[in-house]
Structures are given as C-alpha cells and as structure tokens.
Amino acid sequence: MEENGYLILKKQYLLRGWKGLEHGLIDGESRQAVFFPANVYDTLKMCNGRFEADSPIFVGRKEHLKAFSEHGLIESLDEPGMLLFKQEYKKYENRYIQMVHWSMTGHCNYRCRHCYMSAPRAILPEPDTEECIRIIDEIASCGIRLISLTGGEALIRKDFLFLVDYMLEKGIRIIMIMSNGALV
C-alpha cells in the first residue's frame, strides 16, 4: 500500500451486517463472508475514498490499514472517490444465513424406486413463477447470497432459466443444481 492517496475498499467487497454479526465483509465474487471486531471494522468503513492514508482519522489505525492492504482489501486513489452504492454498509434484520437449499418442485420426469419424493405426482402443489419471484426476493432481502436448487427435478420447471436469471440479477450465486441429468 502506498502511504499517500485516498484509501478505498476494492470494488468486489461489500460492507454488510446481520443481527448478532454486524461487522461483515462480503467478497462479491466468491460470496464468502469475513467478520471483524468493531474497532477494525470502523477502520475498514473509513476506507471510503474520502480520506488520505496520512489523515489524522487513521491515527492509531495504521496496523489495520497494513493488514487490509496485505490482504488486498483496499487500494489507493490519486483523487477523492466514493464507494459504489452496492458496497455501502447495509444491515439485515435477520441472523446471518450463508446458504439456502431450495426444493423448487416436487415433480420429476422419472419415478425411481429409491427416491424419497412422491414424484412424478408430487403431493404439494408447485409454486408458480410469481411465488418463486417472491421467494427469491425474500432470500435476497435477508442477505443470503448462495443457493442450491433441487426438486423433484428442478429442470422440469418451464420457468427454470427465467428464475435462474432472476436469482443472478439479485446477486444470488447458484452453487449447485441437483438433477438426474436427463433434461440437460
């Protein structure tokens, strides 16, 4: 890290908090979360492009800055800058939940003896597209950024690709799709 210039959080990182874990940093690429002690996090929040490295605001916080720099969390700007809107601190009212496992449908294109579902005639009705959008919105509003999808057979849904695109638009990363593979 240069000892001059305006310090700013790198663009891939998001400042987030949840009930009971208020000082989180999310890597927007990997979706991994790291939590800090309050005093360290306060220093990180000051790396917003408005303060130079030699600013009095960082007195007593040089070790924090050094660690941030060594871990690639911050960078220097020649002129004042500002965090992107998506990087700014946001606190969710719920507890931290890293991932959701969602059974999108009980329907399947097979009827395997070993299957625990009652497919292909699922007992519960399948949520329609509007209900799925509401579910995705709720997942995103809780700060959950990882999801795995299953069914029955998730790929049997006619709106599957639309829903995948919607999840991606909401910043939700799909880490797994469990499928029998017949519809791939």
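Q: Contact means heavy atoms within 4.5 Å; what share of the contacts in the protein with a separation of 6 or more comes from residues 24 or more positions apart?
A: Such residues account for 74% of those contacts. A word on the model: it is predicted, so local features need pLDDT of at least 70 and side-chain atom pairs pLDDT 80 or more, while totals for chains, interfaces and linings use all residues. Residues are numbered from 1 along each chain as its sequence is written, and side-chain values use heavy atoms, with hydrogens and water left out.

Q: How many helices and strands does the protein have, and in what order do they run?
A: Helices (H or I, at least four residues) and strands (E, at least two) are DSSP runs, numbered from the N terminus. By that count there are four helices and ten strands. Their order from the N terminus is β-β-β-β-α-β-α-β-β-β-α-β-α-β.

Q: Why is the protein called more spread out than a compact globule?
A: The radius of gyration is taken over C-alpha atoms, and the globule rule is 2.2 Å times the number of residues to the power 0.38. For 184 residues the rule gives 16 Å, and the protein comes out at 21 Å, well over that value, so it is more spread out than a compact globule. Along the principal axes, the C-alpha atoms fill a box of roughly 70 × 30 × 30 Å.

Q: What makes N48 count as buried or exposed?
A: Buried means under 20% relative accessible area, exposed over 50%, and partly exposed in between (1.4 Å probe, protein chains only). N48 has 9% relative accessibility, so it counts as buried. This residue lies in strand β5, residues 48–52. Leaving aside neighbours within four places in sequence, N48 is in contact with L7, I8, G81, M82 and L83. Across the protein, buried residues make up 38% of the 184 residues.

Q: How do you know that E126 and R157 form a salt bridge?
A: A salt bridge is a side-chain nitrogen of Lys or Arg within 4 Å of a carboxyl oxygen of Asp or Glu. For E126 and R157 the N to O distance is 3.8 Å, and the pair qualifies. E126 sits in the loop between β8 (99–103) and α3 (129–141), and R157 in the loop between β9 (146–150) and α4 (160–169), so the pair ties together parts that are 31 residues apart in sequence.

Q: How many salt bridges does the rule give?
A: The count comes to six.

How values were computed. Contact means heavy atoms within 4.5 Å.
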